[in-house]
There are 2 protein chains.
Amino acid sequence: MAARELEYAVGTLGLGGVQVLSQINGGGLDDPRLAIFWKTVAELDVPVFIHPANSLDPLTRRYYLVNLVGNPTETAQATAHLIFGGVIDRFPTVRFVLAHAGGTTPRLLGRWGHGVEVIPELGILTRPLKDYLRSFYFDSCVHDPALVRVMVRELGLQVVVGTDYPFDMGDLEPRSTLVASGLDERELAAIEAANLFATGTNLPA
Amino acid sequence: MAARELEYAVGTLGLGGVQVLSQINGGGLDDPRLAIFWKTVAELDVPVFIHPANSLDPLTRRYYLVNLVGNPTETAQATAHLIFGGVIDRFPTVRFVLAHAGGTTPRLLGRWGHGVEVIPELGILTRPLKDYLRSFYFDSCVHDPALVRVMVRELGLQVVVGTDYPFDMGDLEPRSTLVASGLDERELAAIEAANLFATGTNLPA
């Protein structure tokens, strides 16, 4: 049903992409039943925006931690499920855009890279971890300009503009964040447009 | 019982600190029943090392994610519970050492800082967020030299050496990691000894 709805939304209504949550009723994005959906996404060639669902971790129930910790963690879980669960291997042309700068993903890449080297269970990857990261775009809504710079220059990630508008946890001055990151004009231009256009992301006419 | 055991371990056996997990049977470190334990820690003036417990999030059950995502998240939850739950306010002299560079804490500080500004529920803090961070030491076991540099120079965090020895996810060449971070000799010396000694951390004679 989701695949058919996507065909209708893109083919008939002309939408330029689709959003999914980081989990579906507690199931990960690596659920084999989603294969028909990813196949349709690949055929339609539209980007997938991933937004966190409410964390299932009971320790997030206080102090707004469902947002402050749960949301960024949810996005990292979804990214890991797509990479380690073989979804990227099966659908290498699908482009995923991650909310909130990928959540905690950028912070975890060093740990994941070490894990791939030493944990036999993670030998399921068919390519180097950084190859898989080419399937992802990280938005700039991280409230930490230095991290945006690290994501571009040291982690080599593809960053695009993010605002999380109209939510209170959004970044309503994304240009200020980008300028404060210390990136140069060429890098800012890539974030502001080139990263998405270079890979042919469909936008509504 | 834990408080009495700590008195015995430090007073009689001469141990220099104590380790706790990031949660106690699903309860956070902000549990009011732990107040007597924190009070004893403060009186004995020993550092508390916090190590992740197994994540309660069912989405971590595959691909070793209980370690790759769950562990760093657990540490961030514990840090948040101590800060937002009032433990640091009540026991401001207690020093906490966080495993794995504080887990995802350094990545989340921008988001937490924004949250404190816009979410009324988080008005419980009595001081600026960065004041609370003086109660924490972040170890260097993060498998990402650039992040160590950001933690010191841009986030202003107190970093100490971490190895996670003897585990496979450890960093058995911590000096190499620190040198690769690009920090200068003065900064490296602070990480390697001065940060802990400057605040009078007790070490076994």
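This is a predicted model: local features need pLDDT of at least 70, side-chain atom pairs count only at pLDDT 80 or more; totals for chains, interfaces and linings use all residues.
Local features are reported at pLDDT of at least 70 and side-chain atom pairs at pLDDT 80 or more, while totals for chains, interfaces and linings use all residues. Residues are numbered from 1 along each chain as its sequence is written, chains are lettered from A in the order in which they are written, and side-chain values use heavy atoms, with hydrogens and water left out.

In chain A, 56 residues are in contact with 56 residues of chain B, where contact means heavy atoms within 4.5 Å. The size of an interface is often given as the accessible area lost when the parts come together. Here about 4,900 Å² is buried between chain A and chain B, and carbon and sulfur atoms give 60% of this area; buried area is the accessible area (1.4 Å probe) that two parts lose on being put together, summed over both. Tyr63(A), Arg107(A) and Arg111(A) supply 19% of what chain A buries against chain B, more than any other three residues.

Polar contacts also cross this interface: 26 residue pairs, both at pLDDT 80 or more, are found between chain A and chain B. A polar contact is a pair of N or O atoms within 3.5 Å; within protein, one must be able to donate a hydrogen and the other to accept it, and residues adjacent in sequence count only if both atoms are side-chain atoms. On the side of chain A that touches chain B, α3, α5 (105-118) and α7 (145-153) each supply at least two residues, and the largest share, 12 residues, comes from α3(A). Helices (H or I, at least four residues) and strands (E, at least two) are DSSP runs, numbered from the N terminus.

What about charged pairs? Side chains of opposite charge can pair when their charged atoms come close. Over all chains there are 18 salt bridges, each a side-chain nitrogen of Lys or Arg within 4 Å of a carboxyl oxygen of Asp or Glu. Between chain A and chain B the count is four. In one salt bridge, Arg149(B) meets Glu154(A) at 2.2 Å, N to O. In another, the closest N and O atoms of Arg62(A) and Asp30(B) are 2.8 Å apart. This pair runs from the loop between β2 (48-51) and α3 of chain A to the loop between β1 (18-21) and α2 (35-44) of chain B.

Turning to the backbone, most residues other than glycine have a negative phi, and most peptide bonds are trans. Ala101(A), however, has a positive phi near 55°, and lies in the loop between β3 (96-98) and α5 of chain A. A cis peptide bond, with omega about 5°, joins Tyr165(A) and Pro166(A). Pro166(A) sits in the loop between β5 (158-160) and α8 (174-180) of chain A. In chain B, the peptide bond from Tyr165(B) to Pro166(B) is cis, with omega near 5°, and Pro166(B) is placed in the loop between β5 (158-160) and α8 (174-180) of that chain.
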